[in-house]
2 protein chains.
Amino acid sequence: MVTIALDIPTDDSGHFCRFVLLPLSAQAKGEPSGPKIVTSVIPGPKTRAGLQDLDKLQDTRAATMMTDLDKSIGNYVADLDGNIFLDLYCQIASLPLGYNSKALIEAATKPEMVQMLVNRPALGVQPHSTWAKTLQESFMSVAPKGLTQVFTAMSGSDSNETAYKAAFMHYQRLKRGKDGVVTAEELSTCMKNIGPGSPDLAIMSFDGGFHGRLFGSLSTTRTKALHKLDIPAFSTWISSPFPSLKYPLEKYQGENDKEEARCLAVAEEKIKQAKTKAPIAALIVEPIQSEGGDNHASPKFFQGLRDLTKKHGILMIVDEVQTGVGPTGHFWAHEAWNLTSPPDIVTFSKKFQAAGWFHRSELRPDGPYRNFNTWLGDPVRAVQAKTILHEIKSKDLVKNAAETGAYLKKEMFGIQSKYPELISCVRGQGTFIAFDLPTSDQRDLFVNTLRSLGVNTGGCGSLSIRLRPMLVFQKKHADVFLDAMDKAASCHQHKTK
Amino acid sequence: MVTIALDIPTDDSGHFCRFVLLPLSAQAKGEPSGPKIVTSVIPGPKTRAGLQDLDKLQDTRAATMMTDLDKSIGNYVADLDGNIFLDLYCQIASLPLGYNSKALIEAATKPEMVQMLVNRPALGVQPHSTWAKTLQESFMSVAPKGLTQVFTAMSGSDSNETAYKAAFMHYQRLKRGKDGVVTAEELSTCMKNIGPGSPDLAIMSFDGGFHGRLFGSLSTTRTKALHKLDIPAFSTWISSPFPSLKYPLEKYQGENDKEEARCLAVAEEKIKQAKTKAPIAALIVEPIQSEGGDNHASPKFFQGLRDLTKKHGILMIVDEVQTGVGPTGHFWAHEAWNLTSPPDIVTFSKKFQAAGWFHRSELRPDGPYRNFNTWLGDPVRAVQAKTILHEIKSKDLVKNAAETGAYLKKEMFGIQSKYPELISCVRGQGTFIAFDLPTSDQRDLFVNTLRSLGVNTGGCGSLSIRLRPMLVFQKKHADVFLDAMDKAASCHQHKTK
């Protein structure tokens, strides 16, 4: 591809401006009216060959598709064989605005973006002059109520782990007291990875929770053995049961209230017991357990957790890596809880394309370089987050998720009634919706059937299929999905009989 | 800023090509002839105000500068006050080609880059059609001998931790044997973070080693208490002494040989002892301990380590996060060792702008999704790595680092002889050079004096100043530094007397 450039000297001697005539990837004016499946088997021969080729260099055993990004547009993703799918999985819930978003393409070539690509700063030691403005116009413009600071990071795991570090430092600072000093023993023992310098403190999480797969975050992840087997873990970090609600909610309200009260009581008991062994510095919870199976709880449960953390002096970390940035019909899912006091930390990644966590200034460590690394995130993705936010705000995409989601869920209830032996537990907030199949095998088969009908979704937990469309997912896309879901259910019911 | 765009329909119905007329940041035709210091105090008033402003949102206590990236060029970085520094710290050793590199600016607006910015893939489940080609043309084109695979990651810490996970899974697979099965007990205990599912296995590192600051990597980092205090750590992960060489090397060869033999003997003893407690799955070592104080060892020492790891069946991970991609005068610093068999894993980040690790295919886990995360790196930075490599190869920048470094070190020996009570232990490979001051305070003061003379460097260890110039650092830049070093030494010697 030829790039045509024109250099024009500016007033500053020795400087010039470069104009680039740049042909971007072909971009569709609009989306197709629906999916298009052209191969009899999915993945088709070209995709299989492409994955085999890649597999020489990287493990592709988890790959279900090889995408042709040039031909993907909006809610539709194309594969190498020319199949076009309505995408409700969206690169594991991480695309905000759809493929080849015009707004993101325009932002991609702006001077500000080029500067961040070319001159990647070490933000902790040599931040650049426009960084504060970038933070203000991106993350801070949607900072959860009460949280005035943002720590920027590389991924969801990185966000959670640096948040855990802040929690541990905070705990120890409070323990030392106002005039407390770090002892020589602490300084020497931490170099040997033993107490008291490396204290036996814990993060508490919930059964079914997913918070990442690095060593600290994996110790709080409690989804599948597949995620945790063979990896050393912090044995004193504990988990507590997450409510297992029965559906439909209106029918089982009494039982569900009891279940949530039970889980709160167990959590409190575990917090108390931990005090004499490995005290809990913070608790981390997802607003909706996603990888764990789209498990929901009521605002009352989360308010109860907030009360517990306040009562026992531990921090509350809300992991909004998957729920954040609009899909639930709130910008942050925890807004729906109306907490009496905000969470101490809210972590994010995925749909923001950039990662990090919000906090109050009290959670800064007691000195520089303590919660620190070379890059502290990638400002390229922070600059991009500004455009994502501009699109969300100007197009009212959170409201779109709420309204489209309400329509979608209502129609899905209809399909559930039609196939009561096959489909159950339709549940969700906004477009963040899931439903269950009777067995894991049937679930996996249903995902494949949907794919053969031109709809890409993903599994979660052992029985669930999760919908994670983009924020630009509309009623017309919902109708395409609903049609496929109905057909797939009909086909499966037929097979089962 | 106005962006002029022209949309031209293409043959494909419904598609068009967008041409963007894009004014890029003003770019200097060339570098200044030397530093320019215009404020009496550094940081100057505008930088201090800028940092104060940023500090409302993020901790800036580690920041020594606020950069004006528009005015930075090549080896010279500008601050907000108009001071221009020769940069030998380079965003913590992470800039490869200098500020506002013309090649990187051109690459930043290419369609391939735009596509990766706009359509960020989840590389494990939905890789895109050009990913294998990008890997081939970037990382794999410089893969260390014998390593055929690359695992892509987000940062140095992330690279090391995912490499550790691979080592643990590999260890357990070998332990289970060819027909070994995972037991029900393993599957249930790993969900509780306890053995045998979460095994008590260790990574061995070296005193003074730095491998990152997330929970697993921090357990292998053994630099300063500041990095480790208050953070829970894996108490069974051990470290072993790294050789403490005496300088000049030619004078102390006998003693240094003994020191390296001693360290190897201690390492072997520790490996043996660990077998009955927490067996070591892998050992990680930097070719030059950087954060720890620019500690070097001979190729013989590293060959000895390789022999030990082979003998005891543990993996050897070489952490080239700071040494890799050219600065030592080899593309990978470990090439200088002429190992009889290649390391099992080589990790990278920093100057590649993208992170990851090379390995043999045997280190793939026994199933999909086991060493996995949503993004598996950022392809934007992988695309950029191609341009970095193209510049390195076409301009012979590794050779430049070797030659410029040889000149620089020779001249620094001269300055050391001139100020023998102040400057000692000039040492290095390529431009990856350091020297020592008598005390930490004097070191810190020397860094400040160099800055006031227009040269930006950084400390490491307790007594050292490290030079981490870009790969485009040439003899003329070395002369600017040498002049400043001589002046600073003269000034300090004067003060000391």
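Where is the place of Arg306(A)? Arg306(A) sits in helix H11 of chain A.

Ground rules. This is a predicted model: local features need pLDDT of at least 70, side-chain atom pairs count only at pLDDT 80 or more, and totals for chains, interfaces and linings use all residues. Residues are numbered from 1 along each chain as its sequence is written, chains are lettered from A and ligands numbered from 1 in the order in which they are written, and side-chain values use heavy atoms, with hydrogens and water left out.

Helices (H or I, at least four residues) and strands (E, at least two) are DSSP runs, numbered from the N terminus.

Back to Arg306(A). Arg306(A) counts as buried, at 3% relative accessibility. The scale is this: buried is under 20% relative accessible area, exposed is over 50%, and partly exposed is in between, with a 1.4 Å probe and protein chains only. What does Arg306(A) touch, leaving aside its neighbours within four places in sequence? Its contacts are Met316(A), Leu339(A), Ser341(A), Pro342(A), Pro343(A) and Asp344(A). Contact here means heavy atoms within 4.5 Å. With Pro342(A) there is a specific distance: a polar atom of the Arg306(A) side chain lies 3.0 Å from the backbone oxygen of Pro342(A).

Next, two helices in chain A. H6(A) has 21 residues. From first C-alpha to last, H6(A) reaches 30 Å, close to the 30 Å expected at 1.5 Å a residue. The expected span is 1.5 Å times one less than the number of residues. In H6(A), 17 of the 21 residues are buried, so the helix is largely enclosed by the rest of the structure. Gly177(A) follows, with a positive phi near 85°.

Now H12(A), residues 379-394. Its 16 residues should span 22 Å, and the end C-alpha atoms are 23 Å apart, which agrees. Here 13 of the 16 residues are buried, so H12(A) too is largely enclosed by the rest of the structure. Just after this helix, Asp396(A) takes a positive phi of about 55°.

For contrast, take Gln52(A). Gln52(A) lies in helix H1 of chain A, residues 45-55. Gln52(A) is exposed, at 59% relative accessible area. Between Gln52(A) and Thr223(A) there are 30 Å in space, C-alpha to C-alpha, and 171 residues in sequence.

On to the interface. How many residues does the contact take from each chain? Chain A gives 145 residues and chain B gives 146 residues. Together they bury about 13,400 Å², with 58% of it on carbon and sulfur atoms. That area is the accessible area (1.4 Å probe) that two parts lose on being put together, summed over both.

Between chain A and chain B the count is 73 residue pairs in polar contact, both at pLDDT 80 or more. By class, the side of chain A that touches chain B has 72 nonpolar, 41 polar and 32 charged residues. A polar contact is a pair of N or O atoms within 3.5 Å; within protein, one must be able to donate a hydrogen and the other to accept it, and residues adjacent in sequence count only if both atoms are side-chain atoms. Nonpolar covers Ala, Val, Leu, Ile, Met, Phe, Trp, Tyr, Cys and Pro; charged covers Asp, Glu, Lys and Arg; the others, Gly among them, are polar.

Last topic: salt bridges. The cut-off is a side-chain nitrogen of Lys or Arg within 4 Å of a carboxyl oxygen of Asp or Glu. One joins Asp55(A) to Arg364(B), with the closest N and O atoms 3.1 Å apart.

Another pairs Arg176(A) with Asp230(B), at 2.6 Å, N to O. The pair crosses between chains, from helix H6 of chain A to the loop between helix H9 and strand E8 of chain B. Both ends are buried: Arg176(A) at 18%, Asp230(B) at 0%. A network of salt bridges links Arg176(A), Glu186(A), Asp366(A), Arg370(A) and Asp230(B).

Within chain A, Lys224(A) bridges to Glu291(A), with N and O 3.8 Å apart at the closest. Lys224(A) lies in the loop between H8 and H9 and Glu291(A) in the loop between E9 and H11, so the pair ties together parts that are 67 residues apart in sequence. Lys224(A) is partly exposed, at 32%, whereas Glu291(A) is buried, at 17%.
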